[in-house]
Amino acid sequence: GKTRNSFVFGVGDPNADLMLVGEAPGKEEDLKGEPFVGRSGKLLDNILRAINKKRGEGVYIANVLKCRPPNNRDPIPSEVKKCEPYLLRQIKIIKPKLIVALGKVAGQTLVKKDLLIKEMRNKVHDYNSIPLIITYHPAALLRNPSLKLDSWKDFQYIRDFIKS
């Protein structure tokens, strides 16, 4: 927290069925105080639109960490330990029908296992009695567009899960 500009808590519908969880704020998120506002956020908004969802309407977006790590490095265990109670409280208040971890780091944090993303995808995990699925982080889709088809399949599943 010493190097942050903003405490990036989360944003969205407090009664959301769908909760998206990333790993930590990036540079733009740190400056604006809101998760997923850069290029990744724009892509995420487009993905949500494709499944008839919208930021703030039935969707809540948060991160495991609430502050940007120095040099945008991956979160370290002590940071996760300090921030996870905030995430748990958010989940308890919102009571989503489904949690979606965006990316390997968020997925590993929530399933508490050191797995590759391909080992975590295509499964429904449990996070404190709430179904959890893991998909690619939008930044990964920007870096590697070949992952978009798999991500689209994940989000179709997400759409259908929320409807059921």
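Biologist: Is glutamate 79 buried or exposed, and what is its relative accessible area?

Modeller: This is a predicted model, in which local features need pLDDT of at least 70, side-chain atom pairs count only at pLDDT 80 or more, and totals for chains, interfaces and linings use all residues. Residues are numbered from 1 along each chain as its sequence is written, and side-chain values use heavy atoms, with hydrogens and water left out. Buried means under 20% relative accessible area, exposed over 50%, and partly exposed in between, for a 1.4 Å probe and protein chains only. Glutamate 79 is therefore buried, with a relative accessible area of 18%.

Biologist: With which residue does glutamate 79 form a salt bridge?

Modeller: A salt bridge is a side-chain nitrogen of Lys or Arg within 4 Å of a carboxyl oxygen of Asp or Glu. For glutamate 79, the closest N and O atoms of the pair are 2.8 Å apart.

Biologist: Which residue forms a salt bridge with glutamate 84?

Modeller: Glutamate 84 counts as buried at 14% relative accessibility. The closest N and O atoms are 2.8 Å apart, and the partner is lysine 112. The pair links distant parts of the chain, 28 residues apart: glutamate 84 in helix H3, and, in the loop between helix H4 (104–111) and helix H5 (117–120), lysine 112.

Biologist: What span should helix H3 have, and how far apart are its end C-alpha atoms?

Modeller: Helices (H or I, at least four residues) and strands (E, at least two) are DSSP runs, numbered from the N terminus. The expected span of a helix is 1.5 Å times one less than its number of residues. Helix H3 has 18 residues (77–94), so it should span 26 Å, and this agrees with the separation of its end C-alpha atoms, 25 Å.

Biologist: Where does H3 bend?

Modeller: The bend at a residue is the angle between axes fitted to the seven residues ending there and the seven starting there. In H3 this angle is about 40 degrees, and proline 85 follows within four residues of the site, which is cysteine 83.

Biologist: Which residues does leucine 87 touch, not counting residues up to four places away in sequence?

Modeller: Leu87 is one of the buried residues of H3. It is also among the residues that touch the most other members of the largest nonpolar core, which has 46 residues. Such a core is a set of buried Ala, Val, Leu, Ile, Met, Phe, Trp, Tyr and Cys residues joined through side-chain atoms within 4.5 Å. With contact meaning heavy atoms within 4.5 Å, leucine 87 touches Met19, Val21, Ala62, Asn63, Val64, Lys66, Leu110 and Tyr127.

Biologist: Which residues are linked with Asp45 in a network of salt bridges?

Modeller: Aspartate 45 and arginine 55 meet in a salt bridge of 2.9 Å, N to O. Aspartate 45 lies in helix H2 (residues 39–50) and arginine 55 in the loop between H2 and strand S3 (59–63), so the pair ties together parts that are ten residues apart in sequence. The residues linked with Asp45 in the network are Glu34 and Arg55.

Biologist: How many helices and strands does the protein chain have?

Modeller: From the N terminus on, the elements run β-β-α-α-β-α-β-α-α-β-β-α-α. The protein chain therefore has seven helices and six strands.
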